[in-house]
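Morning, everyone. Let me put the structure up, and then we'll go through the charged pairs and the interface.

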2 protein chains.
Amino acid sequence: MSEYINSEKDCSIRVSPGDRGIIEVIDQRYLPFKQEVFSITSLEDTFFAITEMVVRGAPLIGVTAAFGMYLALRNNGQSNLNSVEYAAAYLNASRPTAVNLFLATQRMLEVFDEKRSREENLEHFFREAVLIREEEISSCRRIGEVGLPLIEAIWQQKQPEPVQILTHCNAGWLACVKYGTATAPMYFAHEKGIPLHVWVDETRPRNQGARLTAYELGLAGIPHTIIPDNAGGHIMQHKMVDLVLAGSDRTTLNGDVANKIGTYLKALAAFDNHIPFYAALPSTSIDWALEDGIRNIPVEERSQEEVATIEGWDGTNITSLRLIPENSAVRNFGFDVTPARLVTGLITERGICSASREGILQLFPEKFNQNPLAKANGNV
Amino acid sequence: MSEYINSEKDCSIRVSPGDRGIIEVIDQRYLPFKQEVFSITSLEDTFFAITEMVVRGAPLIGVTAAFGMYLALRNNGQSNLNSVEYAAAYLNASRPTAVNLFLATQRMLEVFDEKRSREENLEHFFREAVLIREEEISSCRRIGEVGLPLIEAIWQQKQPEPVQILTHCNAGWLACVKYGTATAPMYFAHEKGIPLHVWVDETRPRNQGARLTAYELGLAGIPHTIIPDNAGGHIMQHKMVDLVLAGSDRTTLNGDVANKIGTYLKALAAFDNHIPFYAALPSTSIDWALEDGIRNIPVEERSQEEVATIEGWDGTNITSLRLIPENSAVRNFGFDVTPARLVTGLITERGICSASREGILQLFPEKFNQNPLAKANGNV
């Protein structure tokens, strides 16, 4: 692919080119209204960045935490197991539901060897954090390559009209490191010169679509239109969408897809209008121990403030306004589960499969041998 | 029914008790943050109230316009046909898509008789405006009485658990005069002592659910919870909804229901989870000349500002914030069409019928004889 795709452009996190002691991230609290780089130079900075949502998105949180472990060791005179275990435990408390966070700190711990010198451990830590970052990039790159033919096939059919894609929330590089998951096939298609137009769901209550996905697509020069979450059904009914591409926070063995609240409604509309609905996900987000996502995935309830108020730009600052009557109750479910029957396919780093036990088995046979639940119930 | 139901409490418009020259409306621009009465005393006030959305909702706009015609005559020394025709034309330009507006001004014009004295015409105008208001109230009261048994039946099944209803946008008395359409059965059930809980969709972009429906239900003491528009699918999937009640801006002969954008998505989720979905509507909103709502109802596109920005309360004032990147495009479809196959039934002032030509025919046989399209294609 071209320069853009392989460049360090449009990454959410990097090591400062001049200084290994500075990790630079895009400060996502202010997007799209202010574009600022936030420099992380310590364990405490890392904790702050994760807690205050300077960085968000499971893969990016994992990578940030890995670099945080490295910075802790770098700044710390001591280099015993206790001190790195402390750093891991401290970071693990920053966003208690983020699996990638625990996986990243655990992986860093496993790299540490008390028998080595502090300098040697530091070098190993740096390399491991860089590796975790590169693995995230490479996994999203593969999702882009694997998903591209879906867009190409639509383009073959309808050219010269642009391919119309609808996406929900932000499953872009701001949540990952580069390319993103649901957005990766879009970036690859755009790079190949296929004309696209993306419908971006606003994604209340936190508006990650209107704020982050729209910002990303704008940077890349991909034509896009922001719509209220309510509008997706209407535009699908009127054949204004060729393909729905969403991310996934967690996918079960059966192909049920947990993703940002509202995804299920868009999958229903896609199904009702014979429009393909794909979830793009790294296989690390498949939960090999779960079958029925609707019954078994617990849905996080988030702060009522996210619904009762809204953040926006007043021309000078980001501020917030109250939206509801004083005495009205609010509930704020973080995600929903789209049943596999509504999912046309899963786009993973190993290829596309049907959203079913059989489909997932074909791409990831080793997982079915490793996992007791998968083995016991599957037709392996 | 009791005092509340038959009182003048919770009406959106009334003649000032002390002065026939003052029409009092609730100023809906500031709800729920400020509760203010706006006094209309002239044709110009009426135009302002409609244009600036002091009043909104098709039935309320019609009633307001009728009183505006009366006020024009009252304030005007002249009492010839020209002057009242001028008033009608002037008001008709205030909200060009509101059918009820044209019907109301037309009806007032028909009452005018140049042979009568100015005082006689004024009295006729006053009575006609009061009558139009009373007809709106009575139509909504009937919808409440007709819809009540649906809620009673659910209550019989699940008591002592409260009946869980989901509603979208504002089809309440703030859009009508009293009771509302979708809300009328709720008010009647609440008055009868049936425990209810109502899920109120926020209803972006204008947030009529979070601002108006929540306010109405709060005043009546009906327990309710505001949710983002994205959440309805999830709560239906988890059996937290027994009944969906929506309004309708326009219903076709076939039973297709045009309503606020996002209604179709909720109807899909209700259908997928075997939850009844009813549209409540006065028969005046049935379009006897249309069959296929998806093909034939033109969908209004509204201002991009409604999506790009949001209004809320900063603690002192109502103000607005920008929500999206500077260069992102926006589209803002005003409503969508829910196909009849997803609609369990229509709640009208004459009774409940299936959302089909046959169902509508049974309740309104005379309309099928009057209307060439209905007659030509129907099995009358």
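First, a term. A salt bridge here is a side-chain nitrogen of Lys or Arg within 4 Å of a carboxyl oxygen of Asp or Glu. Take Glu202(A) and Arg204(B): they form one, and their closest N and O atoms are 2.4 Å apart.

Some ground rules. This is a predicted model, where local features need pLDDT of at least 70, side-chain atom pairs count only at pLDDT 80 or more, and totals for chains, interfaces and linings use all residues. Residues are numbered from 1 along each chain as its sequence is written, chains are lettered from A and ligands numbered from 1 in the order in which they are written, and side-chain values use heavy atoms, with hydrogens and water left out.

Now the interface. How many salt bridges does the rule find across the interface of chain A and chain B? The count is 4. Polar contacts cross there too: 24 residue pairs, both at pLDDT 80 or more. A polar contact is a pair of N or O atoms within 3.5 Å; within protein, one must be able to donate a hydrogen and the other to accept it, and residues adjacent in sequence count only if both atoms are side-chain atoms.

Which element gives the largest share of the side of chain A that touches chain B? That is α10(A), with 6 residues. By class, this side of chain A has 33 nonpolar, 16 polar and 12 charged residues. For the classes, Ala, Val, Leu, Ile, Met, Phe, Trp, Tyr, Cys and Pro are nonpolar, Asp, Glu, Lys and Arg are charged, and the others, Gly among them, are polar.

Contact means heavy atoms within 4.5 Å. On that basis, 61 residues of chain A touch 61 residues of chain B. The buried area between the chains is about 4,800 Å², and carbon and sulfur atoms give 63% of that. Asn230(A), Leu265(A) and Leu321(A) supply 15% of what chain A buries against chain B, more than any other three residues. Buried area is the accessible area (1.4 Å probe) that two parts lose on being put together, summed over both.

Over all chains, the structure holds 46. In chain B, Glu145(B) pairs with Arg142(B) at 2.8 Å, N to O. Both sit in helix α6 (residues 118-158) of chain B, 3 residues apart, about one turn of the helix. Helices (H or I, at least four residues) and strands (E, at least two) are DSSP runs, numbered from the N terminus.

In chain A, Arg295(A) meets Asp292(A) at 3.8 Å, N to O. Exposed or partly exposed? Arg295(A) is exposed, at 72% relative accessibility. Asp292(A) is partly exposed, at 25%. The cut-offs: buried is under 20% relative accessible area, exposed over 50%, partly exposed in between (1.4 Å probe, protein chains only).

Last one. Arg206(A), Glu300(A), Arg302(A) and Glu306(A) are linked in a salt-bridge network.
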